[in-house]
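Q: Could you walk me through how to read helix burial, salt bridges and record annotations in a model like this one?

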Amino acid sequence: MTAASDRGVAARRAERRRRTPFLKRFLPRTLFGRTLLIIVTPVILAQAVATWIFYDRHWDTVTNRLAYAVAGDIATVIAMIEHDPSQEGRDWTLATVARTTDLIVTLEPGQTLPDERRRLSGLLERTLGKALDERIGRPFAINTRVAREWYEIRVQMADGVLSVMSPERRLFTPTSYIFILWMVGSAVVLFAVAILFMRNQIRPIKRLAIAADALGKGRDVSNFKMEGATEVRQAASAFLLMRERIQRQMNQRTEMLAGVSHDLRTPLTRMKLALDMIEHPDLDPEVEELKADVAEMEQMIEGYLAFARGEGTEAVQPTDMTRLLKEVAAGARRDGTEVTLTAPEGLVVPLRPNAIRRCIANLLVNAGRHAGTAWVKAERKEGVIEITIDDDGPGIPDYLREDVFKPFFRVDSSRNLDTGGSGLGLTIARDVARSHGGDITLDDSPYGGLRAVIRLPV
């Protein structure tokens, strides 16, 4: 592929990206990805809404109630201590609180809190701080690192600091964790089931696509069977009917061409025999011209039949491409064409070897007819086998490079078979390449002539 064609492909891709809507660029392209997105998106949205409602309603309400309950107990303790400030009254109050509220309350006489209160972080601390401000109205500090699963609340009193140790269960409910675990767990199970189900549903579609691709490349798809959902089975049934129709049409065409070949060759053979039996010296020039006409007709008929037949009845088999190229190159050398072959070992491709041999031979015949020297190179590139045939002849003008693949089209307008053949060589070559799922393109050769590039899928 030349630099100009590379730029053309890049420009077409850029144009497609420009025309594609912005959001669509990020959506999955496979049926599996899109179907899974259809299943996953509502689940995620539902869980997001449920989570927002939970935190906005349940979490906020429950946390507020728990925090205000603890703040109310502390306010009650403070009120009881101030009501009876004697030592006996304080001891009775602290013992009663420890026995009935799960709070551990101690009084530290002579202690004071720092003037600057630590900034509260987290939803729980802010909620508790708000409750303490409303219920107590005194300077306080909250320490969450005093012990595992305990919160310390220190309140400034007139003659000291009141230390209240509250267990975490009085300020925090584990229902949030349970709720999130249930949501995540159910989502994981749902996604797993959806993935397994979608894989089973998409597998028949992939098999149908593989079978259709194999049929387009001329390969056997006899082991294909209908499976999957009703719609997929309908598509598979239509594919099988199409395959039968194509095979039946090819068989009928082959049988018809075999009859035509026999019917045409019989009178030509009689004509050749009749011409060979003519023994008249005065008619020798005319006889020779008639013999040349008969030979030309035989060559044209062979070309017509080869084009119509298209090698369609040959079976596909693993073929050593390097060996095949060596054989074709040797045949071209015997015909007088100088061929330089460059091909690595191990290029094994499933194809119809006789058809590919005819395809490459036609291109080498053209190169030998118009140039005399050909360079053949084969290599593996990104899932394809690329065969390049260069020559140093006059080449073909750009505006005729697609026309030369049309049946019976000749660059040389004369009907002389020595200068242009029957006009079917390139047509048959492209027909063979496309029947294998590939193609043939023409370009300028670095040797000054024409470059033909055959691309065959591996």
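Q: Is helix H11 mostly covered or mostly open, and how many of its residues are buried?
A: Burial is read from relative accessible area: buried means under 20%, exposed over 50%, and partly exposed in between, with a 1.4 Å probe and protein chains only. Helices are DSSP runs of H or I with at least four residues, strands are runs of E with at least two, and both are numbered from the N terminus. Here H11, residues 425-435, is mostly covered, with eight of its eleven residues buried. Among them are Leu-426, Ile-428, Arg-430 and Val-432. Just past H11, Gly-437 adopts a positive phi of about 85°.

Q: Before going on, what should I keep in mind about the model and its numbering?
A: This is a predicted model, where local features need pLDDT of at least 70 and side-chain atom pairs count only at pLDDT 80 or more, while totals for chains, interfaces and linings use all residues. Residues are numbered from 1 along each chain as its sequence is written, and side-chain values use heavy atoms, leaving out hydrogens and water.

Q: How many salt bridges are there?
A: Side chains of opposite charge can pair when their charged atoms come close. The rule asks for a side-chain nitrogen of Lys or Arg within 4 Å of a carboxyl oxygen of Asp or Glu. By that rule there are 21 salt bridges. One network links Glu-379, Lys-381, Glu-386 and Arg-455.

Q: Where do Glu-327 and Arg-323 sit relative to each other?
A: An α-helix has 3.6 residues a turn, so residues three or four places apart point the same way. Glu-327 and Arg-323 are four residues apart in helix H8 (residues 321-334), about one helical turn. Their closest N and O atoms are 3.6 Å apart in a salt bridge. Glu-327 is partly exposed at 35%, and Arg-323 is exposed at 56%.

Q: Which parts does the pair Arg-451 and Asp-390 tie together?
A: These two side chains form a salt bridge at 2.8 Å, N to O. Arg-451 belongs to strand S11 (residues 450-457) and Asp-390 to strand S9 (residues 384-391), so the pair joins parts 61 residues apart in sequence. Arg-451 is partly exposed at 24%, whereas Asp-390 is buried at 5%.

Q: Where does UniProt place the "transmembrane region" feature?
A: UniProt positions follow the numbering used here, feature names are shortened, and annotations may be inferred rather than shown by experiment. The unreviewed UniProt entry puts this feature at residues 31-55 and 177-198. In the model, residues 177-198 are 100% helix and 0% strand, with end C-alpha atoms 31 Å apart.
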